[in-house]
Amino acid sequence: MRGRLIQGGSCKAKSVLLDGLKDHLRTIKRSGRIVFIGRGTSYNAALATRPILVELSGIPITMEVASDLLDRQGPIYREDTTVFVSQSGETADTLHALECALENGALCVGITNTVGSAIARNTHCGVHINAGAEIGVASTKAYTSQIVVMAMLALAIGGDAISNQARREAIIDGLFELPNIKVKEVLKLDQEIKDLPKLLIAEQSLLVFGRGYNYATALERALKVKEVALMHSEGILAGEMKHGPLALVDENLPIVVIATRDACFSKQQSVIQQLHACNGRLVVMCSKGDAASVSVCGSCRVIEVPQVEDYLQPVINVVPL
Ligand code: F6R
């Protein structure tokens with residue numbers, strides 16, 4: 001964020017400066033649609049920022065898994081802005097989708113972590129996430145940095161409309177607070193979180209329920225449990241609980257429910273009650289101070305995390321998960 005987020009002052013408004021996009025921002029703002037394209041974690045990061053992008057840009061936003069877009073030969077139009085999200089900047093399907101977008105005349109934006117990568121070189125403009133080299137598979141820093149960059153992109157596209165100025169300023173303040181205050185605070189859960197896998201190590205499967213701002217968090221955590229713990233795990237859209245997943249619930253299957261404070265909180269409270277009624281073995285993630293409101297069962301394990309602006313909560317929640 002350094003050098004990109006402007007704190008503002010007595011005569012200067014809080015704002016965002018993304019140098020790599022400044023010559024193309026007008027075109028992006030005028031595009032008929034913005035299509036985000038990525039795979040795996042990068043796709044999940046884009047999905048996590050869909051709510052803020054939809055609200056601030058005022059432009060139709062679609063999300064595409066690169067391989068699926070290619071399989072379907074999904075249409076990309078000249079009036080589209082396509083945004084290619086990739087940590088490495090070299091993922092084959094994302095690159096093929098970029099070739100299609102270039103052929104169809106769309107504006108192509110790259111969001112990568114790798115300077116000089118194929119996506120960085122072949123897109124018209126873009127933003128580097130500057131997360132440092134990816135060393136381990138559980139690339140939480142790439143995921144969280146991608147979300148932060150796409151939140152800044154939403155702010156840049158949203159421009160300086162008076163109507164959303166208060167909202168924009170709250171998000172900018174929230175971004176400033178993330179690294180040194182809120183993430184530092186959530187890292188203090190270290191020991192508590194280290195104890196949790198001891199309860200899960202012998203299990204075959206782990207479900208993660210999320211919705212709204214944190215559906216992507218559920219998908220991303222399940223992805224990492226598969227890749228790092230080599231254990232079956234699924235991210236479940238909590239609103240779809242009754243349409244399949246509920247049939248799996250019993251006293252043995254561990255389930256993580258993300259129920260931090262946002263517009264979906266009361267719906268998640270009701271999901272927790274229904275899972276409890278089916279004897280679900282629950283670990284609930286909630287905002288600090290909400291333990292009593294979510295632990296209907298008394299027996300369920302609760303992880304309390306610091307609360308931040310709803311759009312930025314996925315950055316906090318993904319760290320202990
Ligand atoms: C997850 C993971 C993969 C990548 C995906 C996209 O840990 O490593 O799911 O996220 O292959 O890779 P990039 O972001 O390099 O395009």
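**Ground rules**

I number residues from 1 along each chain as its sequence is written, and I take side-chain values from heavy atoms, with hydrogens and water left out. Because the model is predicted, local features need pLDDT of at least 70 and side-chain atom pairs count only at pLDDT 80 or more, while totals for chains, interfaces and linings use all residues.

**Entry 1: helix H2**

I began with H2, residues 40-48. Helices here are DSSP runs of H or I with at least four residues, strands are runs of E with at least two, and both are numbered from the N terminus. How many residues of H2 are buried? I use buried for under 20% relative accessible area, exposed for over 50%, and partly exposed for in between, with a 1.4 Å probe and protein chains only. Eight of the nine residues of H2 are buried, so the helix is largely enclosed by the rest of the structure. I listed them as Thr41, Ser42, Tyr43, Asn44, Ala45, Ala46, Leu47 and Ala48.

**Entry 2: H2 against H7**

I looked next at helix H7, residues 140-158. H2 and H7 pack at about 40 degrees, and their axes are 9 Å apart. The axes are lines fitted to C-alpha atoms, for helices over the stretch in contact, and the angles run from 0 to 180 degrees between N-to-C directions. I call angles under 35 degrees roughly parallel, over 145 roughly antiparallel, 65 to 115 roughly perpendicular, and the rest oblique. H2 and H7 are therefore oblique to each other. The crossing of H2 over H7 is right-handed; that word applies if the near helix is turned clockwise from the far one by less than a right angle, and left-handed applies if anticlockwise.

Which residues make the contact? Contact means heavy atoms within 4.5 Å. From H2 I noted Thr41, Ser42, Asn44, Ala45, Ala46 and Ala48, and from H7 Tyr143, Gln146, Ile147 and Met150. By class, the contact of H2 with H7 has six nonpolar, four polar and no charged residues. I count Ala, Val, Leu, Ile, Met, Phe, Trp, Tyr, Cys and Pro as nonpolar, Asp, Glu, Lys and Arg as charged, and the others, Gly among them, as polar.

**Entry 3: Ser42**

I then picked out Ser42, in helix H2. Ser42 counts as buried at 8% relative accessibility. Its side chain is joined to that of Gln146 by a polar contact of 3.0 Å. A polar contact is a pair of N or O atoms within 3.5 Å; within protein, one must be able to donate a hydrogen and the other to accept it, and residues adjacent in sequence count only if both atoms are side-chain atoms. Leaving aside neighbours within four places in sequence, I found Ser42 in contact with Val85, Ser86, Gln87 and Gln146.

**Entry 4: H2 against H10**

I turned to helix H10, residues 215-229. Here the angle with H2 is about 165 degrees and the axes are 8 Å apart. H2 and H10 are therefore roughly antiparallel to each other, and H2 passes H10 in a left-handed crossing. On the H2 side I listed Gly40, Thr41, Asn44, Leu47 and Ala48; on the H10 side, Tyr215, Ala216, Leu219, Glu220, Leu223 and Lys224. The residues of this contact divide into six nonpolar, three polar and two charged.

I found a polar contact of 3.1 Å between the side chains of Glu220 and Thr41. Not counting residues up to four places away in sequence, Glu220 touches Thr41, Asn44, Tyr143 and Val318.

**Entry 5: Met63**

I checked Met63 in strand S4, residues 61-65. Met63 is buried, with a relative accessible area of 11%. Beyond neighbours within four places in sequence, its contacts include Tyr43, Ala46 and Leu47.

**Entry 6: two asparagines**

Most residues other than glycine have a negative phi. I noted a positive phi near 55 degrees at Asn130, in the loop between strand S7 and H7. Asn130 is exposed, at 56% relative accessibility. Asn279 has a positive phi of about 65 degrees and sits in the loop between helix H11 and strand S11. Asn279 counts as exposed, at 51%.
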